[in-house]
Amino acid sequence: MFNYIDLENWERKEHFEYYRTKIKCGYSCTVQLDVTAFRDKVKAKGLRFYPAFVYCVSNIVNSMPEFRMGVDSDGKPGYYDISHPNMTIFHEDDHTFSDMWTEYYPDFVDFYKNTTENMDKYKNVKGIKARDDQPAAFFCISCVPWLSYTAYSTSVPGGEPNLFPIITFGRYTESNGKYTMPFTLNISHAAADGYHTSKFFNSLQELIDTIEI
């Protein structure tokens, strides 16, 4: 469901209009997440890191309306009740990838089971869209498992920054028993400010530190 924002009583009305009409900018921010505890839990359970981590990111996205924003055909802003992750699947045989969205479920077990089933179902479907029935409310998340990086950015020349998050994470590396992983969020400044992005990162770190799976 799409819930319209009460513009006259919205504290970010001026910010939204400014960054949608005058300076159409977005921003990219990369942090190094500590995935030590999360990695240990995933390995102990014999689970796959990628879908388990996508659950954690999806959980935070769906806990913050700023990262579920959209506009209708007239440009009126609102928030979706639920935003589903749109993941990438890598094809080892030809080194291409395909997008595959998966349903968001608040329960980890339900999400993990459904997502791994989708990954197995669509893993051999080639082309940009492995699953083409994509919902209106989604965010993009992909992994670059071959690279540990310090900064990453996406852009659309001549276009506008997306109101939904575009998220990328890389290869985790170990130093003195601690595993860190680069994690990047790209978002339109009309949707979220530095406060919201900081809250997103801090909430995600807390979740991967404390989640029981």
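E8 counts as exposed, with 62% relative accessibility, where exposed means over 50% relative accessible area, buried means under 20% and partly exposed lies in between, as judged with a 1.4 Å probe and the protein chains only. The model is predicted, so local features need a pLDDT of at least 70 and side-chain atom pairs count only at pLDDT 80 or more, whereas totals for chains, interfaces and linings use all residues. Residues are numbered from 1 along each chain as its sequence is written, and side-chain values use heavy atoms, with hydrogens and water left out.

Side chains of opposite charge can pair when their charged atoms come close. The structure holds 12 salt bridges, a salt bridge being a side-chain nitrogen of Lys or Arg within 4 Å of a carboxyl oxygen of Asp or Glu. One of them joins E8 to K13, with the closest N and O atoms 3.1 Å apart; E8 is exposed in this pair, whereas K13 is partly exposed, with a relative accessible area of 24%. Another joins R39 and D40, whose side chains meet at 3.7 Å from N to O. Here R39 is buried, at a relative accessible area of 14%, while D40 is partly exposed, at 42%.

## A link between distant parts of the chain

E160 and R20 also form a salt bridge, and their closest N and O atoms are 3.5 Å apart. This pair links parts of the chain that are 140 residues apart, since E160 lies in the loop between β7 and β8, and R20 in helix α1 (residues 13-22). Helices (H or I, at least four residues) and strands (E, at least two) are DSSP runs, numbered from the N terminus. E160 is partly exposed, with a relative accessible area of 36%, and R20, K24 and E160 are linked in a network of salt bridges.

A cavity is a set of points, on a 1 Å grid over the protein atoms alone, where a 1.4 Å probe fits but cannot get out, whereas a pocket is an open set with protein on both sides within 12 Å along at least five of seven lines; lining residues have an atom within 4 Å of a point. By this rule there is 1 cavity of 30 Å³ or more, and the largest cavity has a volume of about 30 Å³. Its lining divides into 2 nonpolar, 1 polar and 3 charged residues, where Ala, Val, Leu, Ile, Met, Phe, Trp, Tyr, Cys and Pro count as nonpolar, Asp, Glu, Lys and Arg as charged, and the others, Gly among them, as polar.

The largest pocket holds about 580 Å³ of space, a volume being the space filled by probe spheres set on the grid points, which are joined across faces, edges and corners. Its lining has 23 residues, and T88, F90, C143, P145 and W146 lie nearest the centre. The elements that each give two or more residues to this lining are α3 (49-61), β5 (84-91), α4 (108-122), β7 (138-144) and β8 (166-170). By class, the lining of the largest pocket has 14 nonpolar, 4 polar and 5 charged residues.

The second largest pocket holds about 250 Å³ of space and is lined by 18 residues, with T154, S155, V156, P161 and N162 nearest its centre. The elements that give two or more residues to this lining are β2 (26-34) and β10 (178-188). The lining of the second largest pocket divides into 7 nonpolar, 9 polar and 2 charged residues.

## A nonpolar patch on the surface

F90 and W146, which lie among the residues nearest the centre of the largest pocket, also belong to a nonpolar surface patch made up of F90, F97, I128, W146 and L147, with about 530 Å² of accessible area together. Patches are made of residues with over 30% relative accessible area and no salt bridge: like charges are joined within 9 Å, and nonpolar side chains (Val, Leu, Ile, Met, Phe, Trp, Tyr) within 5 Å. Accessible areas come from the Shrake-Rupley method with a 1.4 Å probe, and for residues only the protein chains shown count as cover. F90 is placed in strand β5 and is partly exposed, with a relative accessible area of 31%.

## Positive phi in two loops

Most residues other than glycine have a negative phi. H95, however, has a positive phi near 60 degrees; H95 lies in the loop between β5 and β6 (96-101) and counts as exposed, at 59% relative accessibility. N176 likewise has a positive phi, near 55 degrees, and its place is the loop between β9 (173-175) and β10, where N176 is exposed, at 78% relative accessibility.
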